[in-house]
Amino acid sequence: MADSAGIQQGSPAIGAAGLVPAAPGAGGTEGAAGGSARIAVKKAQLRSSPRPKKLEKLGVYSSCKAEGACKCNGWKSQNPPPTPPPTDQPSSTVNLQEPCRSCSHTLGDHVTHLENVSEEEMNRLLGIVLDVEYLYTCVHKEEDADTKQVYFSLFKLLRKSILQMGKPMLEAQESPPFEKPSIEQGVNNFVQYKFSHLPSKERQTIMELAKMFLNQINYWQLETPSQRRQRVPNDDAAGYKANYTRWLCYCNVPQFCDSLPRYETTQIFGRTLVRSVFTVMRKQLLEQARQEKDKLPPEKRTLILTHFPKFLSMLEEEVYSHSSPIWSQDFLAGASGGLIPIHTVISAPPVARPLYYSPSPVSVDPSTCGSVSPARKTASVLEPNPVGEKRKPSEPLPHEENKRPRVVGDIPMELINEVMATITDPAAVPETSLLSAHSARDEAARHEERRGVIEFHVIGNSLNQKPNKRILMWLVGLQNVFSHQLPRMPKEYITRLVFDPKHKTLSLIKDGRVIGGICFRMFPSQGFTEIVFCAVTSNEQVKGYGTHLMNHLKEYHIKHDILNFLTYADEYAIGYFKKQGFSKDIKVPKAKYVGYIKDYEGATLMGCELNPSIPYTEFSVIIKKQKEIIKKLIERKQAQIRKVYPGLSCFKEGVRQIPIESIPGIRETGWKPIGKGKELKDPDQLYSTLKTILQHVKSHPNAWPFMEPVKKTEAPGYYQVIRFPMDLKTMSERLKSRYYMTRKLFMADMQRIFTNCREYNPPESEYYKCANLLEKFFYTKIKEAGLIEK
């Protein structure tokens, strides 16, 4: 993430009542982050306790295993600690021979089944124990009867899981998702349905508003069934109670009791739930926004106070409309009946946590420092095997594929070697100036690295090794560079990640000082790395350092067998990442990274898939050589076919025109005559042929946007931009009335459909892509019918 932008997830810009879910049993006063954080701390403390202490804790929830079929379902201490226990006294020593106050059997008799259990399994059970104790407190504090009943059911479920040493599985008639399409999919459909015609910048604003709305629903605290009955007496009370119970079990309680599987509200509920909360939620959000308008960031004020209300009003119509297409599972269905795949436009953040909260589900053993500079290797603090060294030609590449077979028409290797000999000859090829328009972006940086002016090192903080003064100074320098170049990022957050042992930073060193770097975190088990910060100090920019930094990072990860990058790029960083091979088309499955990477509001998730066969730091040199090879081959080919023909004298002799193909030398250049196609003389035969082609086109999966004339309500201003509209319905009517007397009229109308679409819609839109694919299909059918030459 090159910078932070947008609304914080854990502290959304609109702080309406009911926005942040309360911890269960807290009476709606405890925030989500605070409640779950306290439980997480308690779990970490308990899991770090000595094994006897863990056994004592689990013994309380373990049935007695003594001989004689003892019915005691949990060990009870003879001297229970005071409540609350004193914090200034050390914990007492655990005695496995201490008898139970209930059955008189020892603590050891209650935990015999745990003797050979691994630490990992024991820690899992301890997590469930703390969740049980928390739910026990919730049951006694909760005043609402329906909510109390759900807490008690979950309490018994977790208690049973400890006794049976199993995983808690919710027993229900239905499992998530409970309604299709989901709220998230419905909102995506709404964005596609209403705003896909907008220019990319305006559509990005709509997507930000949609993401904001999904945020609010995921954080919204549902009112209890009894509160809803008082507010809406005639509502479907049974249906709401069922959804409320599901929401508590699958969305709300698992935020604090992580032993239970957790789902996002927007992903498992659909139109029914959003209808029950939309009116109240919209009213509270807008009221709160008006009250707190002076506290909103200036860059968000227009978005929230002007655009968000309009967005909610339009969405409200679709939520309560009985005929809205966005809630249909056949949304965007083609004429043939097949569903067009709908790519997710926006999705809600996976976990309710603050923007700057860094999850750590996977621990990575960080190395203190590693050199990736082949030009200058420094002393013993560097890794023994420099991770960024250029791979030797004889070195087998990771994931190396079998050499591809020769293709008919390939250029002979003898000719390639002959051309290469002239290119590698310094006298034959003049060196490209670094200021030339044809020089690569990283050429200057690569020259400086070869001369030893700059160095690249992968460094990181370590809790296991003695601190190295130079490494610490570089880390401080990186923190300063990131803080200065990324002013919207809090300095405390930057410092925490740069010095976090789980994060590493590829640092760019010039004259002994840090001038740039890329901070990242590797997730080897998930197969990707998250890029957190990327910056070069302002007075050293536009020198190719950024590109060369990224190329070194790519080679470092190929060495470590990680072939995917993910990052959240803000509006200023998207251009840089695009140049480095990143795109919005994420190759990593969503399940692999959700909950692992840090989420940023207002930023764009981008990914990059690495090719282990490419030496990235030398890639521009290779491309340059390939261009030189092609240039030389073209020159050789031209020399072979170069021949000067005499001028045409036939026109002096009175000839008015000649066929193009009769011009001497024209065919040697590769020119081919353009086919004129066959014009069908018989009107009935032409009608039958055109009707068949039109039916094929209309039944194509990508024909759905062009089936009928564009409606003014769906695309305001369309008819101001497109002066001559056309669609497949109009063409069918023209064909039926025998309007198409020639194939050219038919082809002109069809081509107008595609041209209009590309003129009105941006290239990245679904409509633009459909036009390209359908046009290709149309011309294939025209050629098959013999109306134009193949």
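## The chain overall

How many helices and strands are there in the chain? There are 25 helices and seven strands, taken as DSSP runs numbered from the N terminus (H or I, at least four residues, for helices; E, at least two, for strands). This is a predicted model, where local features need pLDDT of at least 70 and side-chain atom pairs count only at pLDDT 80 or more, while totals for chains, interfaces and linings use all residues. Residues are numbered from 1 along each chain as its sequence is written, and side-chain values use heavy atoms, with hydrogens and water left out.

Of the 790 residues in the chain, 45% are buried, meaning under 20% relative accessible area with a 1.4 Å probe, protein chains only.

## Around Met-550

Met-550 sits in helix H17 (residues 545–559). Its relative accessibility is 0%, so Met-550 counts as buried.

Leaving aside residues up to four places away in sequence, Met-550 touches Ile-518, Ile-531, Phe-565, Tyr-576, Phe-577, Gln-580 and Phe-582; a contact here is heavy atoms within 4.5 Å. Leu-506 is 44 residues from Met-550 in sequence, and their C-alpha atoms are 9.0 Å apart.

## The second largest cavity

Ten residues line the second largest cavity, and Asn-218, Trp-247, Cys-251, Gln-255 and Thr-265 lie nearest its centre. A cavity is a set of points on a 1 Å grid over the protein atoms alone where a 1.4 Å probe fits but cannot get out, and lining residues have an atom within 4 Å of a point.

Helix H9 (residues 237–252) gives the largest share of this cavity's lining, three residues.

Technical notes. 1 Å grid on protein atoms, 1.4 Å probe; cavity = no way out; pocket = protein on both sides within 12 Å on 5 of 7 lines; lining within 4 Å. Buried < 20%, exposed > 50% of the residue type's maximum accessible area, 1.4 Å probe, protein only.
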